[in-house]
Amino acid sequence: MDKSRPMSIVSSKRAFAIVAHPDDLEFMMAGTLILLRQAGYEIHCMTVADGSLGSVRWDAVTTASIRRQESIEAAALLGAVYHESICPDMGIFYEPVTLRRLAAVVREVAPTILLTHPPVDYMEDHMNTCRLALSAAFVRGAPNYVTDPPRPPVDAPVTIYHAMPYGLRDPMGRVVHAEYYVDISDVLPLKRRMLEMHRSQKEWLEASQGIGAFVAHMEAMSRRVGELSGRFLYAEGWTRHLSLGYCREEDDPLVDALGERVLHLELK
């Protein structure tokens, strides 16, 4: 290996949530992140896009600024490290420029657990974020892959878990089931407070998706995931990505960290 680009060896427990837009994390992942934080994990979060299309009132620059501040406030409630966005809304494409920038952040964080969208979701920004996150994690230890800005490769396993799609259905309307269900019942109040930080989204979600009471909508989805688990009142669902290129087949740090809070079901 080129001695000018030493490989970093990292062993600390870190969880990194990479999502497309401000509030994606709060809708589908925040409960699990709160529990990982309580279990001793350092939490990092990033919205790849800046949220600039999320308003019918303000221009794109103003909207992005408002949504950035809302995301920072939500991350502060979680006790998470906030990472800046790198794309505009509907500007997340699977391309080298964006991948190199995201890969730099993944190397900086060197996560043990990476949480992101499912490969199939209702919109392209979510699916492209998933693809980028997977590739950024895959090249984390490749010395010949140059990130922007340059960061040394990281010699550490990462286990990747995909959230359930927003709406809990695939783009064809079919119900999606998870491999893991995480009991978030007692941390739902904090998840609610985090989503409430995204004040600008009440008007936008009502105009774009017909969702007025967006916090109640999140709670209803969380309750529905709990029903799908057959055990928990409120839950979040996850499916583990294939280990090849990322970690050992037996690695399952989500279960190791959260124990009985996780119901693991075999997907057929």
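**Note on backbone geometry, helix packing and strand pairing**

1. In this predicted model, A110 is located in the loop that joins α4 (96-109) to β4 (113-116). Although A110 is not a glycine, its phi is positive, at about 50 degrees. This residue deserves a look in the structure, because most residues other than glycine have a negative phi. A110 is also buried, with a relative accessible area of 7%, a value that falls under the 20% limit for that class.

2. A second residue with a positive phi is D23, at about 90 degrees, and D23 is likewise not a glycine. D23 sits in the loop between β1 (14-19) and α1 (24-28). Is this aspartate buried or exposed? D23 is buried, and its relative accessible area is 6%.

3. The peptide bond that leads from D148 to P149 is cis, with omega near 0 degrees. Its proline, P149, belongs to the loop between α5 (124-138) and β5 (159-163).

4. Turning to helix packing, α6 (residues 188-196) and α8 (residues 214-229) pack at an angle of about 145 degrees. The axes of these two helices are 10 Å apart, and the crossing of α6 and α8 is right-handed.

5. Which residues form the contact between α6 and α8? On the α6 side they are L188, K191, R192, L195 and E196. The α8 side contributes F214, V215, M218, E219 and S222. Classified by residue type, the contact of α6 with α8 comprises five nonpolar, one polar and four charged residues.

6. Strand β7 (residues 235-240) pairs with β5 in the antiparallel sense, over three bridges. Within this pairing, H162 stands opposite T239 of β7.

7. Strand β7 has a further pairing, with β6 (residues 180-183), and this one too is antiparallel. How many bridges join β6 and β7? There are four. In β7, E236 is the bridge partner of V182.

8. In summary, the backbone points to examine are the positive phi of D23, the positive phi of A110 and the cis bond from D148 to P149. For the packing of elements, the points are the right-handed crossing of α6 and α8 and the antiparallel pairings of β7 with β5 and with β6.

Definitions and conventions:
Residues numbered from 1 in each chain as written. Predicted model: local features only at pLDDT ≥ 70, side-chain atom pairs only at ≥ 80, totals over all residues. Heavy atoms only, no water. Buried < 20%, exposed > 50% of the residue type's maximum accessible area, 1.4 Å probe, protein only. Axes fitted to C-alpha atoms, helices over the stretch in contact; angles between N-to-C directions. Left-handed = near helix turned anticlockwise from the far one by under 90°. Contact = heavy atoms within 4.5 Å. Nonpolar A, V, L, I, M, F, W, Y, C, P; charged D, E, K, R; others polar. Pairing = 2+ DSSP bridges.
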